[in-house]
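Welcome! Please take a moment to look over the sequence and the model shown here, and then read on for a short tour.

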Amino acid sequence: MTSQASLAEAAAVALSSLRASKLRSFLTLLGIILATTTLIAVMSIIHGMDLYIAKQVSDMGADGFRVRRIIMIGSFDAKKYMEMQRRNPEMSREEFHFVKEHAKLVREFGMEAFRSVQVKYGGQAIDWIQCVGATANMDIISNMQTVSGRFISPSDDSKRLSAAYIGNDLKEQFFPNVDPVGKTIAINGRPFEVIGVSKTRGSVFGQSRDNFVFIPAETFFKMFGSRQGLGYNALALDQNRLYEAQDEIRSLLRAFRHLKPNQEDTFGMAGSDSLQQAWGRLTGAIAATALAIVSVFLVVGGVVIMNIMLAVVTERTHEIGIRKAVGARRGDI
């Protein structure tokens with residue numbers, strides 16, 4: 001009973017002290033809140049970026065890789081970029097068909113090109129939609145999932161048909177309550193029949209990943225030409241042969257471009273392993289910076305709390321002396 005009374009008295013004294021020194025209580029809480037909030041925020045950002053990278057890698061696949069005119073992963077080097085702009089020629093359709101015909105270690109080899117377009121339906125129009133001219137296997141290579149209709153077929157591509165495979169953003173904007181398959185939209189003023197709708201892919205850092213329309217590659221080239229913006233995507237026979245497949249494609253590209261053994265590659269290549277390695281380096285830098293930031297706030301919070309505790313003890317020295325004078329035990333104090 002005495003123990004309960006002492007505990008109740010201590011709690012009452014503590015609450016009274018908090019009410020009497022509001023500024024001191026606020027500063028104590030502020031020190032704790034700053035340290036813990038900073039730690040939570042930094043860890044949340046790193047976790048969110050981890051999820052983003054994992055999603056990007058899953059889209060590429062553990063056995064997938066890409067070939068582009070220029071690829072820079074990690075820190076941006078302006079001088080190196082300008083050098084590659086001067087040295088690296090554009091990818092071409094002839095090069096693509098040469099590599100596809102001779103490659104033996106890839107199960108899929110596709111081509112795509114990009115351009116921003118305006119898409120209309122009825123009285124509505126949306127600008128800056130990403131239009132992708134793609135071969136018929138790009139849904140397999142890019143792990144695209146269809147919720148309605150179908151993806152582009154080899155027949156659509158070879159016949160240069162006006163077929164469109166749309167993302168969820170266009171579906172929600174133009175066809176919120178109906179199935180868009182069979183409807184006609186206009187891409188830069190040209191009519192296209194919707195043949196399929198992609199499953200929602202979500203957004204990253206506020207940027208939607210569903211703001212696109214796929215059309216057959218040959219149709220794209222007929223509309224916009226094929227002199228720039230081409231890229232190749234590939235899937236190795238299996239994950240264990242990824243590096244062999246990359247070496248094979250590199251050798252074929254170098255042979256097509258007549259590069260000598262001592263010449264550097266005039267193209268870029270990246271797979272899921274490259275992305276993960278770059279992310280590992282970036283994570284190390286972020287973790288070091290985060291540790292420094294969190295440490296500063298922890299030190300600041302600790303100093304604030306320590307000074308306030310010292311002030312509280314100093315103030316209570318007189319009270320403790322009186323308690324001892326009247327016979328208070330250590331536990332009571």
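Two strands pair if DSSP finds at least two bridges between them; strands (E, at least two residues) and helices (H or I, at least four) are DSSP runs, numbered from the N terminus. This is a predicted model, in which local features need pLDDT of at least 70, side-chain atom pairs count only at pLDDT 80 or more, and totals for chains, interfaces and linings use all residues. Residues are numbered from 1 along each chain as its sequence is written, and side-chain values use heavy atoms, leaving out hydrogens and water.

Strand S10 (residues 212–216) pairs with S3 (residues 124–134) in the parallel sense over five bridges, and with S5 (residues 163–166) in the antiparallel sense over two bridges. Valine 213 in S10 is the bridge partner of cysteine 131, and isoleucine 166 also stands opposite valine 213. Five of the five residues of S10 are buried (under 20% relative accessible area, with exposed over 50% and partly exposed in between; 1.4 Å probe, protein chains only).

## Leucines in helix H2

Now to helix H2 (residues 22–60), where leucine 30 lies. Leucine 30 is partly exposed because its relative accessible area is 33%. Leucine 23, also in H2, counts as exposed because its relative accessibility is 60%.

Although leucine 30 and isoleucine 305 are 275 residues apart in sequence, their C-alpha atoms are 9.3 Å apart in space.

## After helix H9

Helix H9 (residues 242–256) has 15 residues. Among its buried residues are Leu242, Ile249 and Arg254. Just after H9, histidine 258 takes a positive phi of about 55°.

Technical notes. Expected span 1.5 Å × (residues − 1).
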